[in-house]
Amino acid sequence: MEAFIKSKARQLGFSACGIAKAEAVDRDVQQHYQNWIKGHHHGEMGYLERNIDKRFDPTLLVPGCKSLIVCALNYYPSEPLEGNYRIAYYAYGKDYHKVLKDKLYQLAQAMEAQLGENPTLAQRNSSEGKSFKPRALVDSAPILERYWAQKAGLGWIGRNKQLIIPGAGSYFFLGILATDLELQADAPYPNRCGNCKACINACPTGALGEIFDARRCISYLTIEQKSPIPSDFSTFFEHRIYGCDSCQTACPWNRFAKATTEKDFFPNDKLRGMTDADWDNLTQQQFDELFSESAVERAGYEGLKRNIEAVKE
Ligand code: SF4
Ligand code: SF4
């Protein structure tokens with residue numbers, strides 16, 4: 001079954017797939033997270049303070065789940081958008097939540113069909129006769145995606161706080177399928193950052209270190225923060241108006257990044273055609289045409305305008 005899942009995940013376009021046992025998160029990770037919240041490093045992201053019990057134990061989030069199937073989908077663009085204004089690579093195409101969830105549910109369907117053909121396996125794995133629906137988790141439920149990706153052997157969490165896949169880099173969306181199947185877990189991947197600090201040195205605002213300070217991070221400031229952007233930070237934005245890729249671009253493992261073949265993540269023609277003057281004078285109608293199916297909707301028109309005003313020369 002494990003081999004079937006991984007092969008099907010590949011067929012669906014995932015670059016990597018691994019399995020972790022669903023159980024409580026390691027104590028030291030829980031402690032680090034608690035300290036991070038206590039220090040208010042999460043800024044205005046109040047949702048990170050809630051559902052801590054579920055965040056620390058996926059069996060409380062999805063009762064009955066026994067295994068977590070973690071999948072990674074490449075979003076690295078073939079080339080950056082032209083012009084001065086910059087939006088993060090992950091936001092070039094359609095909203096990844098839907099794209100990943102669709103694929104994860106296709107994987108779940110294929111697993112169900114496979115189990116149907118192997119009744120012994122189905123019996124051995126059934127959760128005491130209770131019905132269980134696999135659940136796809138894509139950045140919308142309290143779960144530590146990168147932690148589970150490392151546990152599932154996909155890669156390690158780098159000093160830039162991204163999941164780094166050896167030989168492939170970090171430009172990946174992560175999605176998790178929680179299942180009641182008792183699957184054989186993969187071995188966790190060891191950290192291979194070594195003495196490198198390229199991401200820390202590349203961060204324009206000093207957000208990276210022992211503790212990641214979201215309040216200094218351009219991604220947080222341009223997407224999550226609803227209050228005005230402090231001018232002492234916006235001077236470092238350098239035309240970044242939605243997110244920031246600097247700590248990923250600097251990472252030597254991203255020299256292995258290959259352009260995604262997932263058409264949903266290609267920028268549309270309107271986005272490709274945007275000039276600096278178009279960004280300067282962005283209207284609500286243009287915003288809707290550009291981002292109706294995109295994660296950029298999260299910032300909203302007013303939010304994006306605020307960001308443009310903050311970096312305009
Ligand atoms: S996304 Fe940008 S601002 Fe945030 S930590 Fe990385 S380099 Fe620093
Ligand atoms: S830049 Fe270096 S330290 Fe940072 S995540 Fe990549 S390998 Fe690790």
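This is a predicted model: local features need pLDDT of at least 70, side-chain atom pairs count only at pLDDT 80 or more; totals for chains, interfaces and linings use all residues.
The protein is assigned two domains: domain 1 covers 2-83 + 90-179, and domain 2 covers 198-311. Their centres, taken over C-alpha atoms, are separated by 24 Å. Where the two meet, 35 residues of domain 1 are in contact with 39 residues of domain 2. On the domain 1 side of this contact, β2 (67-74) and α5 (96-117) each contribute at least two residues. That side is made up of 15 nonpolar, 15 polar and five charged residues.

Ligand 2 brings both domains into view again, as domain 1 and domain 2 each provide at least three residues of the shell around it. There are 13 residues around ligand 2, and those that come nearest are Gly158, Cys193, Cys196, Cys199 and Cys251. By class, the shell holds nine nonpolar, two polar and two charged residues.

Turning to the sheet, four strands are arranged in the order β1-β2-β7-β4, forming an open sheet with antiparallel pairing. Because β1 (16-21) and β4 (135-137) stand at the edges with a single partner strand each, one side of each has no neighbour in the sheet. On average, neighbouring strands are turned by 25° against each other, direction ignored.

Helix α1 (residues 2-11) lies across β1 and β2 and runs at about 145° to β1. Helix α5, which also supplies residues to the side of domain 1 that touches domain 2, lies across β2, β4 and β7, at about 40° to β7.

Technical notes
Residues are numbered from 1 along each chain as its sequence is written. Chains are lettered from A and ligands numbered from 1 in the order in which they are written. Domain bounds come from an automatic or database domain assignment. Two residues are in contact if their C-beta atoms, placed from the backbone, lie within 7 Å. Ala, Val, Leu, Ile, Met, Phe, Trp, Tyr, Cys and Pro count as nonpolar, Asp, Glu, Lys and Arg as charged, and the others, Gly among them, as polar. A residue is near a molecule or strand if its C-beta atom, placed from the backbone, lies within 6 Å of it. Two strands pair if DSSP finds at least two bridges between them. Axes are lines fitted to C-alpha atoms, for helices over the stretch in contact, and angles run from 0 to 180 degrees between N-to-C directions.
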